[in-house]
Amino acid sequence: MQQAQTTSEQYFGGVISSYTRKQAIEDGVLVDVSETAKEAGFKVPVALTQAVYEDCVVWADKDAKKYYQDESGRLWDIFSVARFYARARPNAALFFFQIYRLPRVGHGGKRHITLKCLIHGGDNGEPVITIMQPQED
């Protein structure tokens with residue numbers, strides 16, 4: 001006679017709550033940059049955390065007083081370096097990389113910024129990429 005298998009739901013109980021990637025994008029916790037990432041050569045959806053987007057991509061007219069930058073170029077900088085690191089580590093699902101970013105006016109701080117790239121399963125198990133600050137999960 002076969003023994004009945006115990007499922008994780010039988011063992012742990014049902015899911016109490018879940019927060020999907022789609023909900024995080026809708027709420028602004030994640031910023032979907034997949035279209036630009038696709039142009040940059042990424043084959044899966046890519047999102048940045050709001051913190052990375054604000055710190056490393058956002059660029060206002062007042063920020064341009066000392067340096068000329070724009071959000072598109074700053075986003076491409078992230079993609080260029082992330083792709084370089086990803087190609088050097090083809091089997092890594094998690095890696096850290098550094099970018100050189102100019103600080104915004106009134107937003108001093110480091111110019112070399114470490115970011116974390118996580119390749120993981122999306123809402124339906126499909127491969128997705130999330131780029132975040134090192135302390136973010």
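Trainee: Where does R104 lie?

Mentor: R104 lies in the loop between β3 (94-100) and β4. Helices (H or I, at least four residues) and strands (E, at least two) are DSSP runs, numbered from the N terminus. The model is predicted, so local features need pLDDT of at least 70 and side-chain atom pairs count only at pLDDT 80 or more, while totals for chains, interfaces and linings use all residues. Residues are numbered from 1 along each chain as its sequence is written, and side-chain values use heavy atoms, with hydrogens and water left out.

Trainee: Why is R104 called buried?

Mentor: Buried means under 20% relative accessible area, exposed means over 50%, and partly exposed lies in between (1.4 Å probe, protein chains only). R104 has a relative accessible area of 12%, so it is buried.

Trainee: Which residues does R104 contact, leaving aside neighbours within four places in sequence?

Mentor: Contact means heavy atoms within 4.5 Å. On that basis R104 is in contact with E54, V58, W59, D63 and R74. R104 and C56 are 48 residues apart in sequence, and their C-alpha atoms are 9.0 Å apart in space.

Trainee: Is C56 buried or exposed, and how many disulfides does the structure hold?

Mentor: C56 has a relative accessibility of 2%, so it counts as buried. C117 is also buried, with a relative accessible area of 2%. A disulfide is a pair of cysteine sulfur atoms within 2.5 Å, and the structure holds 0 of them.

Trainee: What is the place of K116, and why is K116 called buried?

Mentor: K116 is in strand β4 (residues 112-121). Its relative accessible area is 9%, and therefore K116 is buried. A polar contact is a pair of N or O atoms within 3.5 Å; within protein, one must be able to donate a hydrogen and the other to accept it, and residues adjacent in sequence count only if both atoms are side-chain atoms. A polar atom of the K116 side chain lies 2.6 Å from the backbone oxygen of E136.

Trainee: What makes β4 and β5 a pair?

Mentor: Two strands pair if DSSP finds at least two bridges between them. β4 and β5 have 6 bridges, in the antiparallel sense, with I119 opposite I129 in β5. These two strands form a hairpin with 5 residues between them. Strand β2 (residues 46-49) runs parallel to β5, joined to it by 3 bridges, and L48 stands opposite I131 in β5. Of the 6 residues in β5 (residues 127-132), 5 are buried.

Trainee: Which residues touch the most other members of the largest nonpolar core?

Mentor: A nonpolar core is a set of buried Ala, Val, Leu, Ile, Met, Phe, Trp, Tyr and Cys residues joined through side-chain atoms within 4.5 Å. The largest one has 24 residues, of which L48, I78, F97, L115 and I131 touch the most other members. Elements giving two or more residues to this core include β2, β4 and β5.

Trainee: Why is the pair of F95 and F97 called tilted?

Mentor: Rings of Phe, Tyr and Trp (its six-membered ring) pair if their centres lie within 6.5 Å; planes under 30 degrees apart count as stacked, over 60 as edge-to-face and the rest as tilted. The ring centres of F95 and F97 are 6.1 Å apart and their planes are at 50°, so the pair is tilted. F95 is buried at 3% relative accessibility, and F97 is buried at 1%.
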